[in-house]
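Biologist: Thanks for sitting down with me. Could you walk me through this model and tell me what stands behind each term you use?

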Amino acid sequence: MANPILSAQGLCVESVGGAESFPVLTDLNFSLEPGKILGLVGESGAGKSMIGRTISQYLPKGFTVTRGMLKFDGEDLVGMVPERRRNLLGREIAFIPQEPLSGLNPVLSVGQQMKEHLARIGLASGENWRQRALKEFEAVHLPHGAALLDKYPHQLSGGMCQRILIAMAFASRPRLLIADEPTTALDVTIQARIVKLIAEMQKRDGTAVIFITHDLRLASQISDEIMVLYAGRPAERGPAKQLFSAPAHPYTRCLQLANPTITGPRRGLFILPERMPGLRVLKELKGCRFASRCPNAIEACTQAEPPLAEIGANHIAACIRTEKTPEIVPPRLAPGRESSSAKIHLCGEKLTKSYTTAWSPFALRTSFKAVNSVDFTLGEGEFVGIVGESGSGKSSLARLVVGLDTPTEGQITLAGRDVTANGNSERAYRRDYIQMVFQDPQSALNPRRRIGSIVTQANEASGLHSSTQERMDRAAELLKEIGLPPDAAMRFPSQLSGGQKQRVNIARALCTLPKILVADEIVSGLDVSVQAQLLDLLLKLRDEHGFSMLFISHDLSVVRYLCDRVMVMYRGKVVESGKTEAVFADPQHAYTRSLLAAVPPDDVNMDWSPVLAEAGYQVE
Amino acid sequence: MRMFATIAKLLVKRVLTAIPILLVVSALLFCILRVLPVDPAAMSLPPNATVQEVEAMRKEMGLDRPIYEQYGIWLGKLLQGDIGRSIHFRQDVTSLIGTTLPATVELAVIAMMVATVFGLAGGLFLFYVRGTRAEAVMDFVSILLLSLPEFLWSLFLLLIFGVFFEVLPFTGRLSPGFERPVVTGFLLLDSLITGNISTFFNALEHMILPCLALGIALSPSLMRVLRSSLLDVYQDDYIQQARLRGLSEKRILVRHGLKNAILPTLSLMGVQFGFLFGGTLLVEIIYSYPGMGNLMVDAIRNADLPIIQGAGLTYCIAVLVISIAVDSLYLILNPKLRAR
């Protein structure tokens, strides 16, 4: 066995600075050998990112390592003099951030930042930095490197920024790389390319990698070993394939079952109830941290914290009933809907939206079609998914449907009436039928209004339920439907979790009982457990109210679980559409096939071979 | 190259929009001052003039014609550089402004430099002590400074350095007996050009107190804006990422932090600089400094309409020039604003 490049023994991180102290990371043990990839998986707040911050020792204020060892190549990272550690950062230990666009300084050109980094790691001085930078760009398959050096981050796509950051990270041939959710903010096809790129570079240099992600399926594809974290403590650790195909800890199993599948028969989603316990309550918790949400929990689980026990070769789990884990099964799928009723609610014909650049004496006006001659229908109670990469026109189409934009050409018919003109009367008519759920609840919910007032906002315009008492009653009904406690009505959005905010976002759209919802990426960026809760909520609400929905998503497995039909969009056009299962099982268009291939397969033994050739870089 | 094209484009656009702004301001100046209950004709005659003489003067000055015609005549003359004659000083307004404006510009520019130095240094210090006990003290001090107006500083400084210690002069621009070269009208510049070093230093001495008073009064808001934008910028990912690349804190501050945080500070400086042209008034009076402020006060006291109009227009042009300059600077510093 080679010497580990990074090893942790009984590592504990606690917050001691504030009024109360609480554990952040508890009893972490792992060792990472050169050339290996360790996947760190868990819900948000599980402490995944804290490990990276512990390695760099840039911990939040008041957080400190209270026990245990963390060694880099035999050197103690925690006790090390800061100067020595800073010397390692960027040279021996490199980081790739979650948000590629904000990871680069907006006021410096790519070349300036590359030059600074190359000079810092001592690779190039004077004018030869340029050659070196181009060489590093070539290694990460960035063409037109010379032109790229003069660009600023805002002129580039997220995928390109991430490639630049990867080029920077690998420029010094580091021995350890920490990639913190490097693909979460990116499209599924770009995600596949970036993940494959990291793996390729890692192989080239024999770099050890810590790959942090909330996607167990993705982690199992690229990692050698996986550690699942729950509330700051490892729940399970083992060889990636073994852990994924036979998870021993109930939490791992539940996470896996909460994620919809992309191949094979559709199955129900396991709904993890509630939320992970907050770090502040952990001290009072006597038993297993997962016990309150665990379907297999028994009396003994709440008595003492289960030790990490060996259950196979290099495979450990912190559970006293691992033999029961395989018995956790997903709920039965609700019987498929017969969408034969075929009463058409909404119909778009040859919809086109073109945008023209602003007039300028220095350049010709150019126009491009964000939506190009799209035909679609939406039947009563039908969920139709729209998939495609960013820039494919999904959101532009949604804006046309809800009336935020007026189409350049084509016609929209809503419940038998032509609403293309989008005048005042069309708007009033449309408002009763269609509501939109926005992507980011953080910015969609007015932070200064109480939840009760937010969810009944639509009543202000309609004049229905106009008295305060009526509105509060309606708010209580809505909150009950979306599964929030009644006292939430008096709270502000900042007092809710991400998943709860998205529920409020949905409740607001449902207030006036619209016939159609348009949902734009409403589950992306959420934990799989929260995602599963929301998806089932939408299905439940459809059973009760019978609305139909246009569901925009870049996550194909979510669309597969939720939607009856799917439309695949590429550069403003619908390239393929049909029944979801039929399209995904036998895609006809090459673009659909490349989208599907980009999703990590459900079966860890299946080969994941996404199409890596990019359709064309958009370098000016 | 693209940057210059963008700046050229901005300049053309801004100069074109400046024209209607100036027209509106000139019309406002003209009309509002006409409404005032002062009779320019009567004022330009000796007090013992007869009613007939006043009438004749009114006719001669065109005051009997409709107001838009009067405005047309005035505007026509204005475009030829003739703003009229001061009633009180019996001098061309252009030449009056020509001698006082450079004095005020010198005062404003040096005061702004003082404010920038104090503002940046103070802002960095406030940022540096963040999260420590010194922060509360510094916060208190900066708010205290913020609440002291420039005329109080003028009086303090005058009493301390001028009257008590008697180390610095506090009236006018030059001590008696110094030669006063005139090339551009800017005293500091002219004395350097003509090699008159003793005049240069004497003029500089005279500027220290008024510039300090103005600069100190302007700096606290700059400090606070710089501090808060630095705090914002330090929340951004690229700062964390720069740390993780092992860059030193000093380098992160200068190259990554300040470069981004300076942008809001710069817009505030632009606003302050514009205000300085009207804001030197009290300081000029306290230090008997012969600038536009003193000219304005005299003009208002004597209801000297041509000067008020001229000074108003000068102020408007100064603000427009400054805002164009700040916007160009913004383009240079912020690549996001440049055309793609």
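Modeller: Gladly, and let me start with burial: of the 340 residues of chain B, 33% count as buried. This is a predicted model, where local features need pLDDT of at least 70 and side-chain atom pairs count only at pLDDT 80 or more, while totals for chains, interfaces and linings use all residues. Residues are numbered from 1 along each chain as its sequence is written, and chains are lettered from A and ligands numbered from 1 in the order in which they are written.

Biologist: What makes a residue of chain B count as buried?

Modeller: A residue is buried if 20 or more other C-beta atoms lie within 10 Å of its own, exposed if 12 or fewer, and partly exposed in between, with C-beta atoms placed from the backbone. In chain B, 33% of the 340 residues count as buried.

Biologist: How many helices and strands does chain B have?

Modeller: Chain B has 14 helices and zero strands. Helices (H or I, at least four residues) and strands (E, at least two) are DSSP runs, numbered from the N terminus. The C-alpha trace of chain B spans about 85 × 55 × 40 Å along its principal axes.

Biologist: Why are α5(B) and α13(B) called oblique?

Modeller: The axes of α5 (residues 93-128) and α13 (residues 292-301) of chain B come within 8 Å and cross at roughly 135°. Axes are lines fitted to C-alpha atoms, for helices over the stretch in contact, and angles run from 0 to 180 degrees between N-to-C directions. Angles under 35 degrees count as roughly parallel, over 145 as roughly antiparallel, 65 to 115 as roughly perpendicular and the rest as oblique. The two helices, α5(B) and α13(B), are therefore oblique to each other.

Biologist: Which residues make the contact between α5(B) and α13(B)?

Modeller: From α5(B) come B:Leu96, B:Thr100, B:Leu101 and B:Thr104, and from α13(B) come B:Met292, B:Gly293 and B:Leu295. Two residues are in contact if their C-beta atoms, placed from the backbone, lie within 7 Å. By class, this contact has four nonpolar, three polar and no charged residues. Ala, Val, Leu, Ile, Met, Phe, Trp, Tyr, Cys and Pro count as nonpolar, Asp, Glu, Lys and Arg as charged, and the others, Gly among them, as polar.

Biologist: How many residues of chain B are in contact with chain A?

Modeller: The contact joins 20 residues of chain B to 22 residues of chain A. On the chain B side, α10(B) gives the largest share, six residues. That side divides into six nonpolar, six polar and eight charged residues.

Biologist: What makes α11 of chain A mostly covered?

Modeller: In α11(A) (residues 250-258), nine of its nine residues are buried, among them A:Tyr251, A:Arg253 and A:Leu257. The elements covering these buried residues include α9, β9, β10, α10 and α19 of chain A.

Biologist: Which residues have the most contacts inside the largest nonpolar core?

Modeller: They are A:Ile166, A:Phe211, A:Leu550 and A:Phe551, in a core of 223 residues. A nonpolar core is a set of buried Ala, Val, Leu, Ile, Met, Phe, Trp, Tyr and Cys residues joined through C-beta atoms within 7 Å. The largest share of this core, 16 residues, comes from α9 (residues 197-233) of chain B. Apart from it lies another core of 13 residues, including B:Leu96 and B:Ala299.

Biologist: Why are β18 and β22 of chain A said to stand at the edges?

Modeller: Six strands of chain A form an open sheet in the order β18-β19-β20-β15-β21-β22, with mixed pairing. Two strands pair if DSSP finds at least two bridges between them. Both β18 and β22 of chain A have a single partner strand, so one side of each is left without a neighbour in the sheet. For β22(A), that partner is β21(A), joined in the antiparallel sense over six bridges, with A:Arg565 opposite A:Lys579.

Biologist: How do you know that β16(A) and β17(A) pair?

Modeller: They have two bridges in the antiparallel sense, and the cut-off is at least two. Here A:Thr413 stands opposite A:Asp418 in β17(A). In this hairpin, with two residues between the strands, A:Ala415 takes a positive phi near 45°.
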